[in-house]
Amino acid sequence: MSDTKRLTTTAGAPIADNQNSLTAGAHGPLLMQDYQLLEKLAHQNRERIPERVVHAKGWGAFGTLRITGDISAYTRAKALQPGTETPMLARFSTVAGEMGAADHERDVRGFALKFYTEEGNWDLVGNNTPVFFIRDPYKFPDFIHTQKRHPRSNLRSPTAMWDFWSLSPESLHQVSILMSDRGLPRTPVNMNGYGSHTYSLWNDAGERFWVKFHFKTQQGHSHYTNREGEEIVGKTREGYQEALFGMIEAGEFPRWTLQVQIMPEADAEKTPYNPFDLTKVWPHADYPPIEIGVMELNRNPDNYFAEIEQAAFSPSNIVPGIGHSPDKMLQARVFSYADAHRYRLGTHYEALPVNQPKCPVHHYHKDGSMNFFGQKTGAVDAYYEPNSMGGATEDPSVMEPPLKISGDAARYNHRDGNDDYSQPRALHDLMTDDQRARLYMNTAESMQGVPQHIIDRALANYDKVSPAYGDGIRAALRELAGARAAAE
Ligand code: NDP
Ligand code: HEM
């Protein structure tokens, strides 16, 4: 038998029988020395790793980012230079559901991208919405608790969601998008992706610019209503996986146009809104989107677990020419993701093939569980730095320009003086009557079973966005109550 076809143990020894366990007599019992049986059972017990604490259900594929525009005046990032093509990985996800959750549920969708650039991995870990529910990371674990299961009933709790949202008016913008048509895209390719946060770009002259990244679907926006979603979930819980995997297998490669909005550094002092507030967009009229490239997904993973489940995206992964911003949420995420990966995947998660940079890697991290790569320092005897052994050294030419910050250290009330209403109003205003009717009904449906005093508090917030918005939800609530009464 050829070596390539011969079944072996993990230690490489050939296996003579993979059908019958080793027993004393035909009817058993088993013998302890049947190590291959013990190993098979032991490996099976270790097949699951912790699922992501959020965004556990996901779908992913590989592709390329091609830069067609020229923003070289703003950034020295190699992956953003005209004509550059960079291999990449995308993972889409829902936020709240567990790994086995149905795909066609109303939720924000994750839009996580890893670009394997010549100067290291650049991860843009965004959503299909340009804003978020909160603006201070202190509130992130609390917010996520409201999206997950109640500790006693083990059920999702609309009361918890609406209690939190109604006490957090900064969530109005994101909740409005969630309850709009865009809260239930037909497939992962029928939605936009947004970097959401303000990041920065910096050029060779050391000038910094603030930037927002937008990926606009070329497949067109397309959405399901709640009823359509329920019907699909009744037939398949894996509709997104089927759509994305099927499309790429069939050679129909989905594409997104990459746009950036760029703000000169000094403008951040002048805008009427805080440009680092994640509950706000930058109006297009103020900072027009500039088209700079195309992202295409064209290769399915060969092994879902190895390449999608083990993928580790982190906003901490930036490359020369791209930087962070003072956005408090972004700053917290810089810590949180790599910490999650060390727990979920292990210390050396970045050495896993899917996370491995496609450029030389030299670092002085030593040993640790599952270190299969030895030293990565560029010289055998260099396992500390500085050294005179020819080990890797720093490169001052990629120093990020200084970030101008000031202010007294204190816990500033993030709700003070913040306008939580104008931008949701602009969104409400741009919708058609039909879209608004669905927005009101989706919101009312999600409030079913929530105590009246919480609903009233939420409605008071909607009234501040627009009396028509509050009244629209009230009318939808009455309609649902009428339908319920008629059915009893
Ligand atoms: P514009 O009219 O220039 O932009 C409106 C944007 O709204 C378009 O990008 C459109 O996306 C998007 N949009 C349309 N329907 C929905 C929906 N149901 N849910 C989410 N987005 C939708 O106006 P402004 O830039 O002044 O923004 C007005 C409002 O539009 C904002 O308050 C915000 O709610 C929303 N918006 C703004 C974005 C921005 O970066 N400025 C980005 C996305 C939304 P598309 O181009 O895909 O059709
Ligand atoms: C996943 C934390 C806000 C998008 C995760 C994970 C953590 C986390 C711990 C799981 C990581 C893993 O196990 O691989 C946080 C914290 C936030 C925050 C602390 C705020 C302070 C956001 C925001 C966005 C976002 C604002 C989008 C703009 C995502 C996406 C994933 C994710 C897309 C899934 C990534 C993947 O596909 O593997 N988040 N998050 N998160 N988060 Fe966040």
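Student: Which residues of helix 3 does helix 2 meet?

Tutor: Happy to start there, with helices being DSSP runs of H or I of at least four residues and strands runs of E of at least two, numbered from the N terminus. Contact requires C-beta atoms, placed from the backbone, within 7 Å. From helix 2, Asp142, Phe143, Thr146 and Gln147 take part, and their partners in helix 3 are Ala160, Met161 and Phe164.

Student: How many residues of that contact of helix 2 with helix 3 are nonpolar?

Tutor: Ala, Val, Leu, Ile, Met, Phe, Trp, Tyr, Cys and Pro count as nonpolar, Asp, Glu, Lys and Arg as charged, and the others, Gly among them, as polar. The contact has one charged residue and two polar ones, and the nonpolar number four.

Student: What should I know about the numbering and the model?

Tutor: Residues count from 1 along each chain as its sequence is written, while chains are lettered from A and ligands numbered from 1 in the order written. The model is predicted: local features need pLDDT of at least 70, side-chain atom pairs count only at pLDDT 80 or more, and totals for chains, interfaces and linings use all residues.

Student: Which helix gives the most to the shell around ligand 1?

Tutor: A residue is near a molecule if its C-beta atom, placed from the backbone, lies within 6 Å of it. By that rule 16 residues surround ligand 1, with Val281, Pro283, His284, Gln423 and Leu427 the closest. Four residues of the shell come from the top contributor, helix 9.

Student: And which element gives the largest share around ligand 2?

Tutor: Nearest among its 28 residues are His55, Arg91, Gly110, Pro137 and Ser196. Strand 2, strand 3, strand 4 and helix 8 each give two or more residues. The largest share is eight residues, from helix 8.

Note on methods:
Two residues are in contact if their C-beta atoms, placed from the backbone, lie within 7 Å.
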